[in-house]
Amino acid sequence: MKHGGSIHKRVMYYAQQEKEVLYCDLNIKDTGYTERQAEKSREKYGSNLISGRASDTIFYRLRRAFINPFTTVLLALAVVSFITDMLQVESFSRNVTASPIIFCMLVVSGMIRFIQEMKSKKVADHLVSLLHSTVTVLREGKWTELSSSELTVGDQVRIFAGDRIPADIRLTKTADLFLSQSVITGESAVLEKTSGKISIQDSCTYSDYKNIAWMGSAVMGGSGEGIVLAVGPDTVYGGFSGMISQRKNKFDQGAASIARVLLRFMGVLIPIVFVACGLTKGNWAAAFLFALSVAVGLTPEMLPMVINACLAKGSASMGKKQTVVKNINAMQGFGSMDVLCVDKTGTLTGDIILLEYYMDILGNESERVLELSYLNSLYHTGVRNHLDTAVLKYREMPGLGEQLGRAAEQKAKLDEIPFDYERKIASILVGGEENNLLIVKGSIEEVCSRCRYVEYKGEKREKKPENSFDVHAVVDEILEDGMKVLAVAYKPVKKNNLTKEDETDLILIGYLAFFDAPKKTAADAIGKLKALQVGIRVLTGDQKSVAASVCHRLGIDTSQILTGAELDAMSEEKQIMQIENTMVFAELSPKQKAEIVETLQANGHTVGYLGDGMNDLPAMVESDVGISVDTAAEAVKEGADVILLKKDLNVLEEGILEGRKAFSNMTKYIRITASSNFGNIFSIVIASVVLPFLPITSVQLLLLNLLYDTLCLVLPWDHVDQDACSRPLEWSGRTLGRFMKFFGPVSSFFDVITFLFLYFIFCPALCGGEFAQLTETAAQTQFIMLFQTGWFLESMWTQVLILHLLRTRRIPMLQSRPSGPVMFVTTVGILFFTVLTFTPLGKIIGMMAMPVSYFGFLVGVVILYLFVVTVAKGIYVRKYKELF
């Protein structure tokens, strides 16, 4: 099986062969392929299509919107509810609308999510920039512009400056061809490509394949021709893309964990209710059906709808903050993420290199060095790089700009030898007043090796071998600080043209020190992330010294830095410990980045990864939350869960806060509703053993849950306390059972008090005696209706008000106020449900109007209940150090 990012054997083989072997083996003629040959090749080797987006279809998002652990449980319960309602004997217990209501909730819930998913997909699709859409191909003797998707193995293609390489290509002709492979390797260096065969070693990197142009690479300069060797998923780029489907869905894992907790409670309660009702009522068939309806009552019917509403609300909020959430399940990842891995370049640092120092051979500032460097960068016509750009920036400096402008006017360009990666220097010849000047700028080693003299304060001295250490005395300290250093030299010449032989006997005049400056916002953003208890790990392919310099300036712990080679040399046990305690990793391969993410996950962390290059994709796929930017490579954006419209950690901090808010509101609903439902069901079990009738009918229980859940739809718009967003939150059912068992019995205790009051005091007073003494059916029916209505009201009031108590660790209303919508909906809800018992609809479902005296008792019980829950909440928080 081809691993993501690996090199196809065909490419490796032909990179080592002369191009004539390639022409012979693939039957390539000087006129190129015919259409028939191209079709046969396409059938044999496949099409030039990246399949990474194949899974991101409308059907895939539709399935993801409607099928998850919660909807599966509710769908099963809807079927159970339908069977139960159809088989109920008593007419007042039958309610054929229960199942349709649940089905409607599932449909509405799925549609809410699907609409949000499609909105995200539309934006994400718009952001995905395609590879170069056309390419020049030799077909049937003519160079023709074709869609890159029509390429096949054996096609001859031409590439020019500004193109994107459309496949993995063996180069056969080059003319000063320079490529950037940053989408593959993440390295910003521009590489020169050649057409000769190479010798491949086991340790060869992508950059060592000098005669191969990798798909996705950018042509920075020159031109070339080549033969297509690999297309689509067989390319290095396509191999990375194919990894996208391997992502594990941690949201569904957490959802399944919560569903398992609810199912375990059902598995315990259903047999208990069945046996209790069967023994006390004598009707085992009715007991079985009622036990099944209890299972429906235990489950929050609107669980998927509330969760999807929370996710959609959070996703929409993030969309307003320059963040596109492609997969709204990623909101959970934002809520629980405690480690964020980032690449250095472009994230912690800007994509702009700064010229920090221009100095003479002893390290003193020298405008003469700057002037000569400026002329070299100004007149250099080879591959433009970020170092030249940094030098040219000085023409915008007040004072210096005028001086550099005068130098350019006085010294016109005569000739040049452009930079190449063998010489590692760039030479410019400019006209002078007496002699012309050859100005050389480049690698310290290469420039110094060509120097015979050194110049200090205008005085030229011969460079002696015993004084060569002077170079290192000045430069080494700067290099250790993570800077890039170039040497500058010159030589007077009398001719007007250059040859490489002229690049000798130079005069060393000084050095240039460049710095990949940290972003101004990076340090502040890192501080904010630390305050949110999100640890930063820097994973970069850059040199150790450069990574150390940047991270040290940003306040990231650099006391221990691991390189990829050091990691490979460690045992697996030592790796686990070292990775956990190290903040900065340098000189990493894409595979090593993914292994670090995997190790952090194995250590119990929820890991996010922010990257934009193809070298980041393996780690992004492995992470719990893959984060990219809109300027990233296509496959990287495909693999990401979230796309930032601005490459700034401050944007990410806002996303984390929104994720935690959505997560917190989801957790509120699940825990409060599940524990409240559990308390109600536990009360039913107790009442079923003692009472000669059912304490509540199936339809009343379902209506109670549905009405309460309807109110909970406003929770996505609730305020979230700052302390609830100050740390990562866990998305699982690990502590759900504990929460239910702690607060559920508190509710049941007050239900029992209400049962005792209704059965022994209130109902006998209105019906003329205790239930066992009543002989008339009408009187018994009135007794039952009073009891069931009284408990319905008490359960509904406590269930709604408990929402206010348990939504915050603080004292509700005083220290933590709910949002306006939550306050309005819950207040109106209590009034509406209370009035419902006085309406004809209430009578239809077996309820009746209650006298004013009952409401006096109800207010007293509710006040006492709220006080007890407040005390219990304090005990729970002190014991477990958390509420949610």
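**Ground rules.** I number residues from 1 along each chain as its sequence is written, and side-chain values use heavy atoms, with hydrogens and water left out. As the model is predicted, local features need pLDDT of at least 70 and side-chain atom pairs count only at pLDDT 80 or more, while totals for chains, interfaces and linings use all residues.

Entry: I took helices (H or I, at least four residues) and strands (E, at least two) as DSSP runs numbered from the N terminus, and I called two strands paired if DSSP finds at least two bridges between them. I found eight strands forming an open sheet of mixed pairing, in the order 8-23-22-21-9-18-20-19. At the edges I noted strand 8 (323–325) and strand 19 (561–563), each of which pairs on one side only. Within the sheet, strand 22 (residues 625–629) and strand 23 (residues 642–644) pair in the parallel sense over three bridges, and Ser 628 stands opposite Ile 643 in strand 23. I then looked up helix 25 (residues 649–690), which packs on the sheet and touches strand 8, strand 9 (339–342), strand 21 (607–610), strand 22 and strand 23, where contact means heavy atoms within 4.5 Å.

**Entry: the partners of strand 4.** I saw that strand 4 (residues 168–180) pairs with strand 7 (residues 218–230) in the antiparallel sense over ten bridges, with Ser 223 as the bridge partner of Ala 175. Strand 4 also runs antiparallel to strand 5 (residues 190–192), to which three bridges join it, and there Leu 179 stands opposite Leu 191. Two bridges join strand 4 to strand 6 (residues 212–213), again antiparallel, and Arg 170 has Ile 212 as its bridge partner.

**Entry: aromatic rings.** My search of the whole structure gave 29 aromatic pairs, counting rings of Phe, Tyr and Trp (its six-membered ring) whose centres lie within 6.5 Å, with planes under 30 degrees apart as stacked, over 60 as edge-to-face and the rest as tilted. Among them, Tyr 358 and Tyr 394 are edge-to-face, at 5.5 Å centre to centre and 85° between the planes. This pair links distant parts of the chain, with Tyr 358 in strand 10 (residues 349–360) and Tyr 394, 36 residues apart from it, in the loop between helix 14 (386–392) and helix 15 (400–410).

**Entry: cavities.** On a 1 Å grid over the protein atoms alone, I took a cavity as a set of points where a 1.4 Å probe fits but cannot get out, with lining residues having an atom within 4 Å of a point. Of the 13 residues that line the largest cavity, the closest to its centre are Ser 664, Asp 723, Ala 724, Arg 809 and Phe 884.

Methods
1 Å grid on protein atoms, 1.4 Å probe; cavity = no way out; pocket = protein on both sides within 12 Å on 5 of 7 lines; lining within 4 Å. Axes fitted to C-alpha atoms, helices over the stretch in contact; angles between N-to-C directions.
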